[in-house]
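Please read these points with the sequence and the model open side by side. They go from the open spaces in the fold to single residues.

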Amino acid sequence: MNSIATNLQLVHQRIENARKNFAPEQGALQVLAVTKNQSTDKIKELLETGTWALAENYAQEGIAKIQALALPDLEWHFIGHLQGNKTALIAQNFSWVHTLSSGLIAKNLNDARSPGLPALNVCIQINIDQEPSKSGIDAQQLTALATLIMSLPRLRLRGLMAIPAPRQNFEEQRKPFRQLAQLLLNLQRSGFPVDTLSMGMSQDLEAAIAEGATILRIGTAIFGERV
Ligand SMILES: *Cc1c(COP(=O)(O)O)cnc(C)c1O
């Protein structure tokens, strides 16, 4: 099994190749290391590579890690299903939420975000393939939710996130990402100050880059298969 440092190097090679081939003009691209089901020892090994942006799916597991690592410079992103009874914990402990898909939860996050912290960065999750098993709103609901979020001072609307259904080939993988990029463009044209496309995981990061991803969320390709 490769070390985490080697895996990370391979990921960065894939990213560089994809940028060169498909998105040479694209600006900043952030890589989040997805730490779900990973021990704090593994995360510490990752931090030695200089990685500082981490993403968690589970509120309690994430907060336990945030407290165990106790490194104020780490940037924590919440990428899991948002449950009503966890919103306050999430608002207090994370810098970003990628999976916002309800006005009520937006209001709860806003109310729980401490005045001493910067506004909570949020992305709206779109259920891009309209899968019953997945969270996220339909594209038709996007303007209304974006407008609501803009009225909440403790939230900062950054952009869109999606988890497409798996597809086998590159051209097919690109399609849902292209749709998400088009939705972001529509928001920008309507005057929303959004800049973020959170899309692309271990299996499809090249396709996401080709369609303009600004944040990749990578777990398996960095840590190996989850236990
Ligand atoms: C687990 C997870 C990832 C990372 O997936 P990998 O295939 O392991 O890279 C990214 N985003 C979300 C929302 C996840 O739940």
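**Notes on the predicted model**

1. The lining of the largest pocket is made up of 11 nonpolar, 13 polar and six charged residues. This is a predicted model, and every value below is computed from it. The volume of this pocket is about 630 Å³. Its lining has 30 residues, and those nearest the centre are Lys36, Ile163, Met201, Arg217 and Arg226.

2. Which elements each supply at least two residues of that lining? They are helix H7 (170-189) and strand E8 (215-218). Helix H7 gives the largest share, three residues.

3. The second largest pocket holds about 230 Å³ of space. It is lined by 14 residues, and Asn93, Phe94, Ser95, Arg113 and Leu117 are the closest to its centre. The lining of the second largest pocket divides into nine nonpolar, four polar and one charged.

4. Rolling a probe the size of a water molecule over the atoms shows where empty space is left. How many cavities of 30 Å³ or more does a search of the whole structure find? The search finds one. The volume of the largest cavity is about 30 Å³. Gln125, Ile126, Asn127, Ile128, Asp129, Glu131, Lys134, Ser135 and Ile163 line this cavity. By type, the cavity lining has three nonpolar, three polar and three charged residues.

5. Now the chain as a whole. The protein chain has nine helices and eight strands. Its radius of gyration is 17 Å, close to the 17 Å that the globule rule gives for 227 residues, so the chain is as compact as a globular protein of that length. The C-alpha trace spans about 45 × 40 × 30 Å along its principal axes. Of the 227 residues, 50% count as buried. Among contacts with a separation of 6 or more, 58% are between residues 24 or more positions apart.

6. An α-helix has 3.6 residues a turn, so residues three or four places apart point the same way.

7. Two backbone angles deserve a check. Most residues other than glycine have a negative phi, and most peptide bonds are trans. Ala70 is not a glycine, yet it has a positive phi of about 50°. This residue comes just after H3, in the loop between H3 and E3. Ala70 counts as exposed because its relative accessibility is 53% and the cut-off for exposed is over 50%.

8. Asn37 is the other residue to look at here. It has a positive phi of about 65° although it is not a glycine. Asn37 sits in the loop between strand E1 (30-34) and H2. At 35% relative accessibility, Asn37 counts as partly exposed.

9. Gln188 is in helix H7 and is partly exposed, with a relative accessible area of 34%. Leaving out residues up to four places away in sequence, Gln188 touches Val194 and Asp195.

10. Is Glu172 buried, partly exposed or exposed? Glu172, whose place is also in helix H7, is partly exposed, with a relative accessible area of 32%. The C-alpha atoms of Glu172 and Ala5 are separated by 31 Å, and these two residues are 167 residues apart along the chain.

How values were computed. Residues are numbered from 1 along each chain as its sequence is written. This is a predicted model: local features need pLDDT of at least 70, side-chain atom pairs count only at pLDDT 80 or more; totals for chains, interfaces and linings use all residues. Side-chain values use heavy atoms; hydrogens and water are left out. Helices (H or I, at least four residues) and strands (E, at least two) are DSSP runs, numbered from the N terminus. On a 1 Å grid over the protein atoms alone, a cavity is a set of points where a 1.4 Å probe fits but cannot get out, and a pocket is an open set with protein on both sides within 12 Å along at least five of seven lines; lining residues have an atom within 4 Å of a point. Grid points are joined across faces, edges and corners, and a volume is the space filled by probe spheres set on the points. Ala, Val, Leu, Ile, Met, Phe, Trp, Tyr, Cys and Pro count as nonpolar, Asp, Glu, Lys and Arg as charged, and the others, Gly among them, as polar. The radius of gyration is taken over C-alpha atoms; the globule rule is 2.2 Å times the number of residues to the power 0.38. Buried means under 20% relative accessible area, exposed over 50%, partly exposed in between (1.4 Å probe, protein chains only). Contact means heavy atoms within 4.5 Å.
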